[in-house]
Amino acid sequence: MRDVALHTEMSRGAPDAAASQMVPDSRALTTSDLSLTIDQKPLIRDVTLSLSPDGITMVMGPNGAGKSLLLRLIHGLIPPSSGHVHWGGRTLSDDLRRDQSMVFQKPVVLRRSVAANVDFALKARGVRDPARRDALLDHVGLLDHARQPARLLSGGEQQRLALARALATEPKVMLMDEPTASLDPASVLKIEQIVQEARAKGTKIIFVTHDLGQAGRLADDVIFMNRGRLHEYGPADLFLSRPETQEARDFLQGRIVV
Amino acid sequence: MQDFSEAFRLALSLVFSGDSDLVEIVALSLQVSLTATALACIIGLPLGALVAITRFPGRNAVLILFNALMGLPPVVVGLFVYLHLSRAGPLGFLGLLYTPTAMIIAQTILITPIVMALSRQVLEDLNAEYSEQFRSLVLSRWQQVRALIWDARFSLMTVGLAGFGRAVAEVGAVMIVGGNIDHLTRVMTTAIALETSKGDLALALALGLVLMVIALGVNAMVQSLRMTAVRHAYA
Amino acid sequence: MTFKTRILATTALVAGIAASGVAAQEQSIIVQSTTSTANSGLYDHLLPVFTQETGIAVNVVAVGTGQAIKNAANCDGDVLLVHAKSAEEKFVSDGFGVERFDLMYNDFVIVGPDEDPAGVGGMQDVQASLEKIASSGAVFASRGDDSGTHKKEMSLWASTGIDPTSGSGAWYRETGSGMGATLNVAVGMDAYAMTDRATWISFENKSDFEIQVEGDEDLFNQYGVILVNPAKCENVNAEAGQAFVDWVISDAGQAAIASYQLNGQQLFFPNAD
């Protein structure tokens, strides 16, 4: 079913084996020995992985596992203390980053109209295209609100706006940091639909979540992290039914993982 | 105090008689100080924004310098500008001394540090909210600066007001570089200083009241604009 | 308004102001003047007559004599009109001025509170009255600003042999400001002060103050007028400046000076040659 090798227990596996996986696919997103240490506290430790270039990868793990930090490292929002992120065999650069976009847990909404929020992202790529903007707003169900100040939208609407903005740059990879964490079920459903549609159009999605149900609904594969380390990376059905590590089993069964 | 009631009476009669000298002086005051405020914003806002979004060695020293420059005595700025614009000075060939332009230059120098320092604070707070999104979109510095200033525009109005308030109220700088020439460079504050030196305290106070009302009016206008913005969640 | 149109509007505003500054320089002169002639209203009486006759606008920068001379030496004026003869002569001999002309005179007076704590009221001998003020310990407010009036006051103290600055901050208070400001201070502190008569007559915050000492020949106050030297300052509008100097010392100008009255009193007495 998958043309990429899925690595379980990468952090404990042999680095040589990981490195050999890095070259071929021009769309492969890989990290090698990625670490982040702040104030002498290791927050991300030696994460080496090679992500499948399609589908939705869910990042899971208890609070403080380093899920959001991993996302930011992959997106280049923060520089790693050591290690590298490569995409298509090239070191992550501003040029490459333009083909990624990110949606944050708390939507960042500019103090402008709904339409202007999308225009802003288009303009960042040198595009001025009201028709496309309206199509994007229509896609996320906000066309009727186009002229409203964005900050008067509900939480769910704001997150959909953030999604429209993230999609505006036609990213090849979309990173989502618990985008539905504090939303009502109806909003969650809409956002999941939009994410599924993006996936169907070939956008790679890396999605941090707490929600096992959401993982079941969306995930093609799952990264499981704990205390800054990568513990498992494998197909979602496998991970959810037969996790390999004790930490993952504890997590999936709702036990507190320390 | 007799001077107070006399001043009120005089202020009212000046305003309601539409005294042409008063109108001229008020107009010049507004022209000079509003222009200086606009220029200070054009210079100070991008600089404030740039410092707000940038971390560099010596940044703290720059912030301290900004804050210290906020307290520049107007008379020192006036002297500084006089020495440059004087015929004997390096820019004397421009022939700008004793013109409204010279007054605008002096007030711009006086209030640009205020605009820089206060906008830096406002924009740094906003940037804390926006910076990850900006970095995610891979925006250039200039794009970030413009977006921050635009999105904070209503908060920055208060910054502009602070600058305008200082400009319109100062006398030391415009007195030196403008010369308080009747019908040419006389503004509210220099007129007040002149009437005080003539011992006409009531008239001086009356002009002071008019100045206060003008400052109040400008403030009220900006505040009402801002309230509208807050209601629409733009602030 | 969008950001762009706002910037455009501002630019237009600035350009407009710059243009108005340029326009004002045509057919106009700047007179660096002592404050007494401006504050007393003499210029309001004199200048419209001159402007009507010649079409030349006169812009007056009224500062202390010391600063006026300094400004003129920086070429920041076309004509100098002050009252400190020896400083004026030095200004000319240093090459900054073309020629000095006597213009008019009035006199200095010593004013003080009605109750007259030093008991100098009615005295004519100015040196004697100053000695009396100093020895009585009454407060005296001085300009202390190197102006014409201040220079005059210091020369009078010198002729008494008293060094008032030894009492500076105690009974001798140097305000470091203009005549009007110093009079305001004197009124506020019940202090004696020396002022030119014109400023005193036009001063409106007299409270219970009165002229206590007047009439001494040593209190004579001579005003002079000088064209700033175009050979030294090429920006000087020599033609218009000369026209102004010529006019104020002409019969017409002198008559206009003599005709200026405030509260029924003549403030300046023309005495050009």
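Predicted model: local features only at pLDDT ≥ 70, side-chain atom pairs only at ≥ 80, totals over all residues.
Visitor: What makes E6 and E10 of chain A the edge strands?

Guide: Start with the order of the open sheet, which is E6-E7-E8-E3-E9-E10. Six strands take part, and the pairing is mixed. Strand E6 (100–103) and strand E10 (229–235) each pair on one side only. That makes them the edges. Neighbouring strands are turned by 15° against each other on average, direction ignored.

Visitor: How do you know that E9 and E10 of chain A pair?

Guide: Count bridges. Two strands pair if there are at least two bridges between them. Strand E9 (residues 221–226) of chain A is joined to E10(A) by six. The two therefore count as paired. They run antiparallel. Within this pair, Ile223(A) stands opposite Tyr233(A).

Visitor: What lies across E6 and strand E7 (173–177) of chain A, and at what angle to E6(A)?

Guide: Helix H6 (residues 155–168) of chain A does, at about 175° to E6(A).

Visitor: What else describes chain A?

Guide: Chain A has ten helices and ten strands. Of its 258 residues, 47% count as buried. Take its contacts between residues at least 6 apart in sequence: 67% of them join residues at least 24 apart.

Visitor: Why is strand E9 (residues 220–228) of chain C called largely enclosed?

Guide: A residue is buried if 20 or more other C-beta atoms lie within 10 Å of its own. Seven of the nine residues in this strand are buried, so the rest of the structure largely encloses it.

Visitor: Which strands does E9(C) pair with, and how do you know?

Guide: Strand E3 (residues 79–82) of chain C has four bridges to E9(C). Strand E4 (residues 97–113) of chain C has eight. Val225(C) takes part in both: Leu81(C) stands opposite Val225(C), and Phe101(C) has Val225(C) as its bridge partner.

Visitor: What makes Val79(C) stand out in the largest nonpolar core?

Guide: That core holds 221 residues. Val79(C), Ala106(B) and Val177(B) touch the most other members. Leave aside neighbours within four places in sequence, and Val79(C) still contacts residues including Ile29(C), Val31(C), Val225(C), Ile226(C) and Phe244(C).

Visitor: Which element gives the largest share of that core?

Guide: H5(B), with 17 residues. Chain C takes part through both domain 1 (3–105 + 222–270) and domain 2 (107–219), each giving at least three residues. As a general point, nonpolar side chains tend to be buried together in soluble globular proteins.

Visitor: How do you know that domain 1 and domain 2 of chain C touch?

Guide: Their C-alpha centres lie 28 Å apart. Contact is judged by residues: C-beta atoms must lie within 7 Å. By that test, domain 1 gives 18 residues and domain 2 gives 14, so the domains touch. On the side of domain 1, helix H2 (35–39) and helix H4 (65–73) of chain C each supply at least two residues. H2(C) gives the most, with three.

Visitor: How many charged residues does that side of domain 1 have?

Guide: None; the side divides into six nonpolar and twelve polar residues.

Visitor: How do you know that chain B touches chain C?

Guide: Apply the contact cut-off of 7 Å between C-beta atoms. The contact takes 28 residues from chain B and 31 residues from chain C. Helix H2 (20–53), helix H5 (100–136) and helix H9 (188–197) of chain B each supply at least two residues. The largest share of the side of chain B, four residues, is from H2(B). By class, this side has twelve nonpolar, twelve polar and four charged residues.

Visitor: Which elements of chain B give two or more residues to the side that touches chain A?

Guide: In this contact, 15 residues of chain B meet 18 residues of chain A. The elements are H5 and helix H6 (141–151) of chain B. H5(B) gives the largest share, six residues. This side of chain B has seven nonpolar, four polar and four charged residues.

Methods:
Residues numbered from 1 in each chain as written. Chains lettered and ligands numbered in written order. Axes fitted to C-alpha atoms, helices over the stretch in contact; angles between N-to-C directions. Contact = placed C-beta atoms within 7 Å. Nonpolar A, V, L, I, M, F, W, Y, C, P; charged D, E, K, R; others polar. Buried ≥ 20, exposed ≤ 12 C-beta atoms within 10 Å, placed from the backbone. Domains from an automatic or database assignment. Core = buried A, V, L, I, M, F, W, Y, C linked by C-beta atoms within 7 Å.
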